[in-house]
Amino acid sequence: MAKPLVRIAAVQLGFALVIVAILARAAQLQLFQGERWGEQARRQRTERAVLPARRGGLFDRNGVPLAVSQEFYHVGIAPNELTDVGSTGRLISRQLGIPWSVLSRDLRAGKRWVYYHGPFSATQVQSLRRVSGIHLSQDYQRFYPSRLLARPIIGGLSAERESGAAGLELSLDSILTGAPGEAVLLKDRAGRRYDSPARVIREPVAGNDVVLTIDAELQEIAERGLDDALSRMDADGGDVVFLDPNTGELLALASRQSAGRSGYTASRASTFTDPFEPGSTAKLFTAAALLIHQRVDSSDRVFAEGGTWHMPITSSGITRVITDAHKTTGTLTLAQTIQVSSNIGIAKFSSRLAPEEQFEMLRDFGFGTLTGAEFPSESRGRLARPDKWQPMYTRASLAMGYEFGVTPVQLAVAYGAIANNGMLLTPTLVREIRSPQGDLLYRHHPEPVRQVVPPSVAAKLREYLKGAAGEGGTGEEAQLVNYTLLGKTGTAVRFENGRYVRGEYTASFAALFPADDPQLVVIVKIDNPQGKYYGGLTAAPVTRTMLQQALASRRVAIDRSRFADVDTGAAPEAQTSSTAATMARLVLSWPYSTPKVNRAVRLVPEVEGRPVREAALLLHRQGFRVTLRGLGRVSKTAPAAGDTAAPGTTVVVWAD
Amino acid sequence: MLLWLLVFLGGALIVVGRQTAAFKTARQLRDLRETRGSLEARRAELERRIRVASSREVLVPAARRGLGLHEPADSEFVLFAVPSPAAGVSR
């Protein structure tokens with residue numbers, strides 16, 4: 001037995017060793033492994049979560065939402081956590097619209113977790129939030145409030161993740177996509193998550209909103225007009241384009257393709273993607289080349305050959321037969337050639353041009369190249385270089401609108417240049433880009449590409465168009481009663497899979513409206529109409545109907561103050577025309593002597609801080625239209641104070 | 001010693017109180033966010049229904065059927081140009 005002192009010393013040593021061991025272990029845990037254990041503890045107590053960012057919305061030019069992202073939910077149910085499967089199940093069934101028989105079977109199947117992808121709206125899940133055993137996961141879902149309106153242009157998102165897959169959703173993806181945030185959620189011992197006061201590490205940043213140039217009302221007029229026309233004509237498809245020639249803004253783009261017995265679908269934006277041979281609507285571009293190079297004057301005439309001409313195409317005597325639908329005897333000036341759409345006349349006139357001159361003119365009008373619009377899968381059309389031409393043959397073909405392909409948008413842009421005094425503008429679909437807070441990041445201004453023809457030549461071409469759409473012209477059917485439009489018809493044999501299809505035609509009409517101060521370029525194209533197939537009898541009346549509807553609608557972006565110079569005296573005479581039969585019994589003439597309206601752009605007044613009523617009054621007095629976003633005092637406007645805008649422009653007013 | 005204990009207890013109570021209040025506020029904030037989300041979803045749905053109901057696709061056939069109206073030709077309406085104040089309209 002050891003002495004007590006030795007035993008005490010041994011115990012003390014033991015304690016000391018234990019203390020040293022504890023200290024050593026503590027030092028090891030704290031100093032050397034501290035970070036690892038700290039991280040593990042954090043992982044057990046907290047969970048990092050990605051906070052989804054809202055994708056920016058797409059709106060029409062008046063603020064009508066076309067594509068927006070909304071909160072949606074997926075629902076998970078842990079049956080063993082439900083306090084009362086019967087009553088809770090019925091609540092779930094009622095709120096989510098899941099048949100009780102299905103839900104009941106799922107809940108009683110012995111599964112530990114039942115998942116319904118939905119997606120379910122916030123309204124649907126609101127009363128389920130506090131129910132024990134129901135777990136919600138939030139997400140954003142793309143939502144197209146106007147259903148199918150302009151869908152081929154707007155496009156859509158990929159199925160896997162919320163990123164653009166087609167159309168503007170694809171081309172504007174980087175602008176629309178936001179930056180996801182990050183948060184830390186605290187967990188209790190059972191793994192249940194609850195909010196911590198300082199949970200958000202990084203707030204999600206929503207994507208930017210894009211205001212398109214599309215006018216939803218005009219888009220609907222175009223789509224309905226096209227649908228009606230295609231059904232009536234039993235056609236294979238068609239396109240309509242409305243363009244503002246002064247700004248290059250595309251106001252409406254409608255496309256339809258035949259879906260067999262089930263009618264028509266809008267499966268692709270053929271206004272951008274499908275080139276067609278324009279036929280006689282292209283005669284104007286050869287006329288432009290002739291005028292620019294001074295190869296023709298107003299008194300020059302060519303013999304019309306009575307409607308059939310054997311055009312020599314080689315020196316060995318091989319000929320090509322060119323015919324006119326409107327058999328003309330005698331001779332034709334260039335203006336008359338355009339008016340009656342004579343293939344023979346334009347083929348003869350085109351022989352005065354060198355191939356390079358003709359090619360350059362078409363190229364300058366934008367054919368064979370991308371227009372530069374924001375659409376992702378635009379076709380550049382088809383235009384061969386002169387060294388690939390069969391000299392005599394191709395020159396005549398191009399003059400008649402064959403052997404080259406244009407998209408409806410390209411044609412609209414080219415006619416826009418004629419309306420815009422010869423200046424070709426880049427077409428656009430984007431009017432404004434705004435931050436999630438509403439700040440203006442970008443506003444479209446007209447982007448000139450080139451001066452294709454001098455203003456004097458453009459004016460001459462508009463004169464030709466006036467003749468073509470006037471009395472005796474092929475586009476007469478497009479004329480309205482009180483307003484004059486300019487236009488050119490086109491009828492071309494369809495070119496498909498590398499060959500011309502006998503008996504099938506593409507009918508088209510290109511119009512500028514109104515004649516004196518064009519605000520709209522309208523392109524209507526009908527693929528393979530049955531029965532009557534001339535552009536003047538198919539596409540031209542469709543143009544008239546759509547313009548009438550646009551004029552009658554107060555929501556369509558037409559500056560009616562610019563119609564002040566309309567010659568109202570024309571109305572009584574016009575009432576006796578062929579359209580009189582379609583008129584109502586009471587026809588109003590123009591009883592009102594319109595004052596001269598100042599057409600100059602105006603300054604948007606400063607209305608920030610004012611009550612909305614006062615601001616709206618002030619804006620109305622300046623000639624603007626007003627769309628309100630909120631009530632109270634004005635926080636900002638778009639266009640912003642100090643910017644200039646044409647009278648009739650819609651000013652969006654945000655108020656808090 | 002007792003004083004230090006009281007100070008410690010007081011400090012601890014303040015921390016606990018602040019934490020509790022913060023959790024309560026976080027919960028209220030979450031509830032408000034959920035309510036806002038729900039209301040926004042409701043608003044979006046109502047706006048969509050209004051837009052569909054006021055679209056030409058619905059209105060034009062209804063007006064034609066119910067009221068015997070038709071889409072007017074341009075000869076059937078008149079555009080009045082309202083004189084601007086600058087044109088000399090006095091009250």
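Q: What percentage of the residues of chain B count as buried in this predicted model?
A: Chain B of this predicted model has two helices and zero strands. A residue is taken as buried if 20 or more other C-beta atoms lie within 10 Å of its own.

Q: Which helix has the lowest mean pLDDT among the elements of chain A?
A: For chain A the mean pLDDT is 86, with 93% of its residues at 70 or more. Over residues 566-599 of chain A, however, the pLDDT is below 50, although this stretch has 41 contacts in the model beyond near neighbours in sequence. Where pLDDT is low, the predicted coordinates should not be read in detail. Among the elements of chain A, the highest mean pLDDT (97) belongs to helix α16 (residues 408-419), and the lowest (40) to helix α19 (residues 570-574).

Q: Which element contributes the largest share of the largest nonpolar core?
A: The largest nonpolar core holds 129 residues, of which Leu485(A), Leu512(A) and Val522(A) touch the most other members. Leaving aside neighbours within four places in sequence, Val522(A) is in contact with residues including Phe242(A), Phe513(A) and Met546(A). The largest share of this core, nine residues, is supplied by α16(A).

Q: How many charged residues are on the side of domain 2 of chain A that touches domain 3 of chain A?
A: The domain assignment places domain 2 of chain A at 216-565 and domain 3 at 602-655, and their centres, taken over C-alpha atoms, are separated by 38 Å. Six residues of domain 2 of chain A are in contact with eight residues of domain 3 of chain A. By class, the domain 2 side has one nonpolar residue, two polar residues and, as for charged residues, three.

Technical notes. Residues are numbered from 1 along each chain as its sequence is written. Chains are lettered from A and ligands numbered from 1 in the order in which they are written. This is a predicted model: local features need pLDDT of at least 70, side-chain atom pairs count only at pLDDT 80 or more; totals for chains, interfaces and linings use all residues. pLDDT is the predictor's confidence in each residue, from 0 to 100. Helices (H or I, at least four residues) and strands (E, at least two) are DSSP runs, numbered from the N terminus. Two residues are in contact if their C-beta atoms, placed from the backbone, lie within 7 Å. Domain bounds come from an automatic or database domain assignment. Ala, Val, Leu, Ile, Met, Phe, Trp, Tyr, Cys and Pro count as nonpolar, Asp, Glu, Lys and Arg as charged, and the others, Gly among them, as polar. A nonpolar core is a set of buried Ala, Val, Leu, Ile, Met, Phe, Trp, Tyr and Cys residues joined through C-beta atoms within 7 Å. A residue is buried if 20 or more other C-beta atoms lie within 10 Å of its own, exposed if 12 or fewer, and partly exposed in between; C-beta atoms are placed from the backbone.
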